[in-house]
Amino acid sequence: MNSAIRSGRFALACILVAAVVFAGARAVGNDYVFFAGYTVLQFIVLATAWNILGGYTGYVNFGTAAFFALGAYATVFFHKFYPLPVPVLVAIGAAVSGLVGLGMGYLTLRLRGAFFAIATLALAVVLQTLVVNWNYVGGSRGAYVIRPAEVPGLSLPYIQYLFLIMLALAVIAIATARSIERSKLGYGFATIRDDELAAEASGVPTLRLKLIATTLSGALMGMAGAPFPYYIGYLQPSSAFALEYAVNSIAMPMIGGTTSWIGPLVGALLMGTLQQVTTVTISSAVNLLIVGLLLVGFVIIAPNGLVGLVRPRLRSGRP
Amino acid sequence: MGELLSYDLLLNAVMAGLLLGGFYAAVTVGISISFGILDIVNIAHPAFIILGSYIAYILNAQLGLDPIAASIIALPVFYGLGAAIYQTYYLSFEKRGQDPLRGLAFFFGILFITEVALVLEFGVDYRYVQAGYIDQPWHIGIVDLPLRMLVPCLMSLVMLAALQLFLTRTFTGRAIMAVAQDQLALQLMAANPIRIKRIAFAISIATASLAGAFLIIIQPVEPSMGRDYIGRVFAICVLGGLGSLPGTLIGAMLLGIVESFTATFYGPSWAPAVSFGLLLLTLAVRPMGLLGR
Amino acid sequence: MTAQLLEVERLSKRFGGFIALDDINLAITAGERVGLIGPNGSGKSTLVNCVCGTLVNEAGSVRFEGRDLAGQSAHQRTRLGMARSFQLPRPFASMTVADNLRVPLLYTVNARRRVLSEADIAKRCEELLTLVGLAHRSRHLPRDLTQVDMRKLELARAMATEPKLLIADEAMAGLSSAEVNDIVALLIRLNESGITVILIEHIMRAVMSFSQRLVVLVSGRKIADGRPDDVMRDAEVERAYLGQ
């Protein structure tokens, strides 16, 4: 039917854009593009994933790092146990983080949104404590993850392979977000954000939808985390659970705009690039300070983000 | 386990837990006011406590002041900061009737900015204070009462008692308790609800100054420590029943004892997980808290 | 004996120390037109909230079509055929007026039977908006609506769920005389098509012209329940309204 065709065409357009991006990156001939680009793409996935829960339903997740790190540590676990190809690890990361999202949601989503938010923050701390105490994955010392020498099936340098995977994940995340927006599920999410009581009275099963959002959001974050150990080579809990993941995954959608899939993309591209520049030219601490200031600034001044400045606050539903 | 369950060990674990709990009460009382009474989810509160620790550190290192005295001197500054933040919060969010998401993101941003600013200024090394009583142990029979734990605990109880008196005996204090229930009635009593709330929030941030001094007396401090306290603070708040100061004290003592036992028998690296577990348990079983209505 | 449509038995609700509803008993037969009146704060909206599942009652039971509703969440009760409008309108602020109606169609009507296509939904939205007189506003956002229009939207949204029982909570506040007549006529038409209606109102002439039966709530207790003329002559009811 009509919407399926449109979704199909959109996915195709995304894949084309992705192919162009990849070809362009290879044309530059400098590996740095892939390293930096991987980070930006990772932010696109995280910001989009966060927005599915935070932007669409209005439930704030402060524990992005927890879901991201779960994916990363699942990879470390399997790397030591039995090496698996990265796409499989991505699927495992999705499953683990999705399940944790579901479990946590089930425990806390019946309560006020504020309690859910606090619980997610505490979750990050607790998971970090568990990992720090688990020597098999390196504990607080960290774990070395050696990249495989070859890419299975393709003749690509490994970093380009990781870039390609993250590119694919970004396409999946954006396509998922967009198809939710335009679906019955998207309407349901919006009612939860607008007025949960009225939503229930209109027949919307709010708890079930919130659980779907939490699971989906968590799964996407886990997927983003799965290739990370191979990217970074040496994984410590302090880097996997870094607070900057939480801040960025909130700041990027809030700056870009939370009501549509475009917002997190715009936010991630802008902020991601800005951060690459600032970290290299000034320092990473100053860079984080800027992120924090921008978040607070935008939240106060432009609550609907950059996208909201361009067009009024309205769901992009059917005409 | 493997430890001998001796009377000695048990008693000391309980005592340590009570002392810790007294300190936790000081850390939490600010949230009891801002979240329990005013219904503002100020997750940046732990960052202000760490800020308080650093200010006590500076005054102690530069001027040789006792950290608690230093924090009392810094009280007006924290009070002013709290008032300014509430005013911003009110104008940007409460007044406009924005969804809670923005308010949460606002405070999260402040938490983050504070932590990063401290890192930029002081680096990630641990800082500690010098004071006569910090290294002094004290014994009553077989029970250890290290002064560095005892003094903050006692001062914390004093602070809580003072606040409870303020909230129940003075006009402003009672107005603060009332504003949570009925803004209109308060207006009819010729009190400005916004001003009352601002005072309350400013007080909650002022408590962070003292709590910060207590913290740096008990242990060395580094900028990212605030995060460990977020779970603890809200666990205590929920456990004790939102908005009840006596409840906060009881909840804090309970958490202190549970953490102390966990540290004694399982090791201190598990402590952060305890508060989260307690929080989840409370939310699942009795969300109105032990003393809640 | 056939089950009544709605049976409220010994329903009680308290908020802390305040008793909002005290031992309410009420039975509604299918097809009735019931008016529910009472001074402000008497517990009318609390009763609606407990019946519809928005609030949980401490004591007593609610049965709909013979089935005990304990444990059923609000959205489940809506799907069973109970609909309500909110006393203070609660529109979905980020959607157009038409989309506000789309939600109950997607989530309640479509949950019962999968017959509404995209075109059907659009048509149904138009119909409902025309019924309440909001067709010209279908593409507007709720924040552009007047208070009166928002109440009409509330009513339309409740109607969109295709209920067996419709509870209209002060849907007519602020309406002009002609508009009140329109809404009363609309509710009577709905009733004639088979929907049981409970009307909660302060506008007495609307209540009197609409109700076949009148229930009076004062301070959380039901003090009268019967034919409108009888009830209005009841001494206790007079005292409640005039002697307060």
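**Group meeting: two chains and their contact**

Read along its sequence, chain B runs α-α-α-α-β-β-α-α-α-α-α-α-α. That is eleven helices and two strands, where helices (H or I, at least four residues) and strands (E, at least two) are DSSP runs, numbered from the N terminus. The model is predicted: local features need pLDDT of at least 70, side-chain atom pairs count only at pLDDT 80 or more, and totals for chains, interfaces and linings use all residues. Residues are numbered from 1 along each chain as its sequence is written, while chains are lettered from A and ligands numbered from 1 in the order in which they are written.

I stay with chain B for now. Its C-alpha trace spans about 60 × 45 × 35 Å along the principal axes. A compact globule of 293 residues would have a radius of gyration near 19 Å, and chain B agrees, with 19 Å. That radius is taken over C-alpha atoms, and the globule rule is 2.2 Å times the number of residues to the power 0.38. Of the 293 residues in chain B, 51% are buried. A residue is buried if 20 or more other C-beta atoms, placed from the backbone, lie within 10 Å of its own.

Now one helix, α3 of chain B, residues 67–94. Where does the kink in α3 of chain B lie? It lies at A74(B), shortly before the proline P76(B), and is about 45°. The bend at a residue is the angle between axes fitted to the seven residues ending there and the seven starting there. A74(B) is also one of the buried residues of α3(B), which include F78(B), Y86(B) and F93(B). The buried residues of α3(B) pack against α2 (45–63), α4 (100–122) and α8 (193–218) of chain B. Contact here has a cut-off: C-beta atoms, placed from the backbone, within 7 Å.

Next, chain A. It has 15 helices and two strands, and buried residues make up 56% of its 319 residues.

Last, the contact between the chains. It takes 38 residues from chain A and 35 residues from chain B. On the side of chain A that touches chain B, α4 (86–108), α5 (113–132), α12 (243–256) and α14 (284–301) of chain A each give two or more residues. Which element gives the most to that side? It is α5(A), with 14 residues. The residues of that side divide into 30 nonpolar, seven polar and one charged. Ala, Val, Leu, Ile, Met, Phe, Trp, Tyr, Cys and Pro count as nonpolar, Asp, Glu, Lys and Arg as charged, and the others, Gly among them, as polar.

Note on methods
Buried ≥ 20, exposed ≤ 12 C-beta atoms within 10 Å, placed from the backbone. Contact = placed C-beta atoms within 7 Å.
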